[in-house]
Amino acid sequence: QAAEIQACKTRGLVVSTTPSANADAFLMPLLDRFNAAYPNVETRVDLSSLEEQKDALIQGTIDVILSNPYRSELFHSDELESRMILPCPWSVGMRETNPLARLPRLTWEDLRNQQFIVPNNLEFIRKLNYDCGAAGFTPRIVHMTRFFSGLADNVRADNEVFLTDRYMSDYGRPGYTYRDLPGSKSGVLLALRRHESNSHVAEFLACVDQYIAEMAAV
C-alpha cells in the first residue's frame with residue numbers, strides 16, 4: 001500500500017528564499033494562501049544563497065525563487081526567467097541616536113559622511129559605489145559581514161549605516177531608525193524555469209498575482 005501511495009503521490013512545491021529575507025513579510029502569506037487553495041499539495045521552503053538558488057532551480061530541486069533583485073542578472077538565461085513582484089526602495093538603517101534619524105527623509109547625498117556596514121559581496125559593493133558615485137562621493141566602508149543578515153547587529157556607532165529593505169530580516173529592528181531612499185529600487189524578485197513541468201508552479205503564480213493585486217489596493 002505504501003508503494004502504491006508513493007507512486008501516485010502528486011509532486012509538491014519547493015519555494016526558495018535567502019536566509020536574510022523576512023519570510024513573514026511575503027513568503028509565509030503566499031504559502032498560507034496557496035496551502036488554503038491547494039491543501040493536498042505539499043509545500044517546502046528552501047533557504048540558500050542566490051548562487052545556490054540558481055543551481056537548484058536549474059537542477060529542478062526547487063521550483064520558485066523569491067529573493068532580493070540586486071543580482072537579477074543571475075536569472076537571465078535561456079533556461080530561467082524572472083520578474084519583480086513586490087518592488088520597494090532601499091532603506092537606510094541606523095541607530096536611533098544617529099543625527100540622520102531626526103530627518104524626515106534622506107537622499108544619497110545625506111550619506112556622504114556616514115560609514116557603511118555592508119555584506120561581503122562584490123556585486124553589492126559595486127552597486128553601492130555606483131549609487132554613491134552618482135551622488136558625488138565614494139562610500140566609506142568600515143565593516144563587511146559574511147551574510148546580508150546581521151548588518152544591524154554590527155552598527156556600533158552613531159555615524160554608521162546599512163542598506164536593507166522592508167522585506168529583509170534586518171528591517172524594522174527595535175532601536176533602529178529606517179528611512180527610504182527615493183528613486184532606489186529593491187524588493188522581491190520571482191524566478192522560475194522557462195519550461196516548467198510542475199503544474200503547481202502555475203497555481204502558485206496565480207496566488208502571487210492575487211496577493212500582489214490585493215497589496216496594491218491597500
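Predicted model: local features only at pLDDT ≥ 70, side-chain atom pairs only at ≥ 80, totals over all residues.

Residues are numbered from 1 along each chain as its sequence is written, and side-chain values use heavy atoms, with hydrogens and water left out.

A cavity is a set of points, on a 1 Å grid over the protein atoms alone, where a 1.4 Å probe fits but cannot get out; lining residues have an atom within 4 Å of a point. Grid points are joined across faces, edges and corners, and a volume is the space filled by probe spheres set on the points.

Select Ser20, Phe148, Ser149, Leu151, Leu163, Thr164, Met168, Ser169 and Asp170 to see the lining of this second largest cavity. That lining has four nonpolar, four polar and one charged residue. Here Ala, Val, Leu, Ile, Met, Phe, Trp, Tyr, Cys and Pro count as nonpolar, Asp, Glu, Lys and Arg as charged, and the others, Gly among them, as polar.

Next, find the largest cavity, with about 60 Å³ of space. Residues to pick in its lining include Thr17, Phe26, Asn68, Tyr167 and Val188.

A pocket is an open set of points with protein on both sides within 12 Å along at least five of seven lines. Helix H3 gives the largest share of the lining, three residues; helices (H or I, at least four residues) and strands (E, at least two) are DSSP runs, numbered from the N terminus.

**Into the core**

Which residues have the most contacts inside the largest nonpolar core? Select Phe75, Val92, Trp108, Leu111, Phe162 and Leu163, in a core of 39 residues. Such a core is a set of buried Ala, Val, Leu, Ile, Met, Phe, Trp, Tyr and Cys residues joined through side-chain atoms within 4.5 Å, where buried means under 20% relative accessible area (1.4 Å probe, protein chains only). H4 supplies its largest share, four residues.

Finish on Phe162, which touches, among others, Val92, Ile117, Leu151 and Tyr178 (contact means heavy atoms within 4.5 Å).

How values were computed. Buried < 20%, exposed > 50% of the residue type's maximum accessible area, 1.4 Å probe, protein only. Lists of a residue's contacts leave out its neighbours within four places in sequence.
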